[in-house]
Amino acid sequence: MSVDYEYVVIGSGPSGTMAAQTLIDAGRHVAMVDVGILGRDYEATLPQGSYEELRRTDPNQYRYLLGDQFESVDWDDIKVGAQLTPARKHLAREVERLIPMISQTFFPMESMAYGGLGSGWGLGAYVYSDQELARAGLSSAAMRSAYQVVCDRVGISAGQDDVSRYVIGHLANTLPPLQMDNSTQQLYKTYQAKRRSLNKRGIYFGNPAMALLSTPFNNRKATRYDDMDFYTDRDRAGYRPWITLNVLREHPNFTYLGGLLALRFYEDETSTFVEVLNVHTNQSRTIKCRVLILAAGVLGSARIVLRSFKKDVRQLSLLCNPYSYLPCLHLRMLGTPLSAQKTSMAQAFMIYDEKNAGNDIVSMAIYTYRSLMLYKIIKEAPLDFSDGLGIFSILQSALMIVGIHHPDAPSPKKYLRLMEKADSPTGDALFAHYELDGTEAKQVAQKERTVRSIFAGLGCYPLRSVRPGFGGSIHYAGSLPFHSSELAGTTSSNGRLHKTRSVFVADGSGFNYLPAKGVTLTLMANAHVTALNALAHE
Amino acid sequence: MTKQTLPQDMEKELAVEARVLGSYLIGERIDERAVALYVKAHRTIPFVLDEKDQRLLNLLLKHPFLLGSVDGGLALVKRRSHLRKKLYYLLAILETIPRYSKKFLSQKRPFWAAVLNLAFFGIRGVMRALTGCMLYILI
Ligand SMILES: Cc1cc2nc3c(=O)[nH]c(=O)nc-3n(C[C@H](O)[C@H](O)[C@H](O)COP(=O)(O)OP(=O)(O)OC[C@H]3O[C@@H](n4cnc5c(N)ncnc54)[C@H](O)[C@@H]3O)c2cc1C
């Protein structure tokens, strides 16, 4: 029986593009269904030069720093996505209209952008240990080789230091580590002086593993350390899924179907049918394929599955790393400006492995603050703006922001459902509830106290913890957990959605556990494995 | 979306407002480019002052020396006041004017000078906030 496409992949994020590339490399015909919103092109307004140079010289800098419509100046309280610069603002566009979310307890960030959330991700690319993979339900043998495939596709810069075993594990061919700025180097020195006692307590400090090039790689340039990473992808030094996607689109076996929102799927004896909505015309149509790969992001795939199994599946589980950030004052830096040459991304990575057993570690990404501009933090202080400016222009170089991730495991208090919503184009909205149980909340609080004391001990004094609300880590998983029996709303270990013949799940929906590390490298590796499994299933 | 224009006298009033608020924020007469951007922001962004904020703004335009206190007071008692929103947008605009970049980018200075400056701004900020709160109650 003829089909429109052999394989259909839903979603152009890191998961979808990696799965598509693996299928194309295997010689298959692939169509990608995606909404694919593009950003306003600020590239043309952006002269060459580092952030500091441009700040001193460019009379038109307001255009790419604030936006032509001042779209980056956010007066509301801090919420997920508030940090998006004009070049990244499109990540949040159309989300409320096309994929509404209802919740009092969970505030995620989703995207309909070309390249998904990957068009703005922070590039922190960490492997899971074998222990973590096993808890997540992933095969460590398959994932080890998949990590290597992805590393060879995207390019990862990392060091050989105290955190390597946590961040790159067995990866080979990594690029040299990125340069730390002067404030972070100073902190590293303090760590080294106290290293033995800190290591005994399970505290390790080193270079982050980053999908940001320290040397040229695969026709992409190395970072210029110009501190413009939040404003431009000019040199493609940071890996974005659209880099792969633009290459795939040149391939004769690949078809990109943009402007389409996948609603639901169903199967007959031979084919799979995907109902899609054209987001511009509101017309729906059905696409017929042999194999369907869901990679719409954990929340996006959950919506599609809940609609498709309306009668059998009413509720799905949910995982998300609890997250907070801790602004700290690194007092030694008072009066010393930050290195002119730096990246805007995480400068260092820290692990708190309480029992030194690799179990339920807490991770900390360390950032210094400059290129997101001063006015944003001045707003948060209970002070008049003029004195706020005086204070923060001095504190700026001493400011360190520590992003703390905690692990997450399933519980009955974390779930997703579909609700009717007549005014949404799909007629529904996703409802989410997320709550930590007593023990989890205690652990998070206790580990945060330890993190505060670690930083104070390094001469980096914590101010108040900022909790952007559950969902703020932007790491999601676990909605269609791996399960050994053919249960609706779960996934088999090879990524096939139970109760389907040829529907595979290539994003993080299957993971049964979410370690406290950036999830995206693992998403990409898992997408590669799932695509291989789909090929093997033929 | 940008409204094409605002009534001309309104734009003039906004320009006057920008100059007063701007010189409070950075301690000098502000660049005309910043004034133009402030007016442009008003074509794009809603600023909805309630009656009390409007009264305060009128007072401040007549007596700009009160700006620090009123701003500090509002930061404590009415953080999301749209009067402060105006100041906030202007601050963001000023941060993008090359002439003022030194005021926003950190500068090399001796540690003790940094500490002294911090103490100065900190103490002045607290004083302003306290007087501002009293003013807010009285007005
Ligand atoms: C500011 C920021 C910083 C981050 N930093 C890091 C980091 O340092 N390290 C890290 O590991 N992770 C980070 N992340 C998270 C990372 O971006 C996500 O984990 C990753 O993008 C998820 O990939 P995905 O492909 O599974 O889903 P997504 O990126 O969400 O992509 C989903 C895709 O599916 C499409 N889609 C959804 N629903 C439908 C539908 N019904 N029909 C058609 N198309 C649909 C969307 O348009 C999108 O293209 C960060 C995210 C942000 C926003």
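Modeller: A polar contact is a pair of N or O atoms within 3.5 Å; within protein, one must be able to donate a hydrogen and the other to accept it, and residues adjacent in sequence count only if both atoms are side-chain atoms.

Colleague: Which polar backbone atom is 3.1 Å from an oxygen atom of the ligand?

Modeller: In this predicted model, that atom belongs to A:V519.

Colleague: And which residues have a backbone N or O atom facing a nitrogen atom of the ligand, and at what distance?

Modeller: A:G122 places a backbone N or O atom 2.7 Å from a ligand nitrogen. For A:G124, the corresponding distance to a nitrogen atom of the ligand is 2.9 Å.

Colleague: How much of the ligand does the protein bury?

Modeller: The ligand alone exposes 1,000 Å², of which the protein buries 92% (Shrake-Rupley areas with a 1.4 Å probe).

Colleague: Which elements give two or more residues to the shell?

Modeller: They are α1 (14-25), β6 (260-267) and α15 (520-537) of chain A; helices (H or I, at least four residues) and strands (E, at least two) are DSSP runs numbered from the N terminus. With 3 residues, β6(A) gives the most to the shell.

Colleague: Which of the 36 residues around the ligand come nearest?

Modeller: The nearest of the 36 are A:S15, A:L117, A:G122, A:A262 and A:T520, a residue being near if one of its heavy atoms lies within 4 Å.

Colleague: On to the sheets. What is the strand order in the open sheet of 6 strands?

Modeller: The order is β4-β12-β13-β14-β11-β17 in chain A, and the pairing is antiparallel (strands pair if DSSP finds at least two bridges between them). At the edges stand β4 (203-206) and β17 (460-462) of chain A; each has a single partner strand, so one side of each lacks a neighbour in the sheet.

Colleague: How many bridges join β4(A) to β12?

Modeller: There are 4, and β12 (residues 348-352) of chain A runs antiparallel to β4(A). The bridge partner of A:F205 in β12(A) is A:M350.

Colleague: What about the open sheet of 4 strands?

Modeller: In chain A the order is β3-β16-β15-β9, with mixed pairing. Its edge strands, β3 (101-102) and β9 (315-317) of chain A, each pair on one side only. Strands β15 (residues 414-420) and β16 (residues 428-434) of chain A run antiparallel and are joined by 7 bridges. There, A:L416 has A:A432 in β16(A) as its bridge partner.

Colleague: Which helix packs on that sheet?

Modeller: Helix α11 (residues 298-308) of chain A does, touching β3, β9, β15 and β16 of chain A (contact means heavy atoms within 4.5 Å).

Colleague: Finally, which strands run parallel to β1?

Modeller: Strand β1 (residues 5-10) of chain A is joined by 5 bridges to the parallel strand β8 (residues 284-294) of chain A. Another 4 bridges join β1(A) to β2 (residues 30-33) of chain A, again in parallel. A:I10 stands opposite A:L294 in β8(A) and opposite A:V33 in β2(A).

Key. Residues numbered from 1 in each chain as written. Chains lettered and ligands numbered in written order. Predicted model: local features only at pLDDT ≥ 70, side-chain atom pairs only at ≥ 80, totals over all residues. Heavy atoms only, no water. Axes fitted to C-alpha atoms, helices over the stretch in contact; angles between N-to-C directions.
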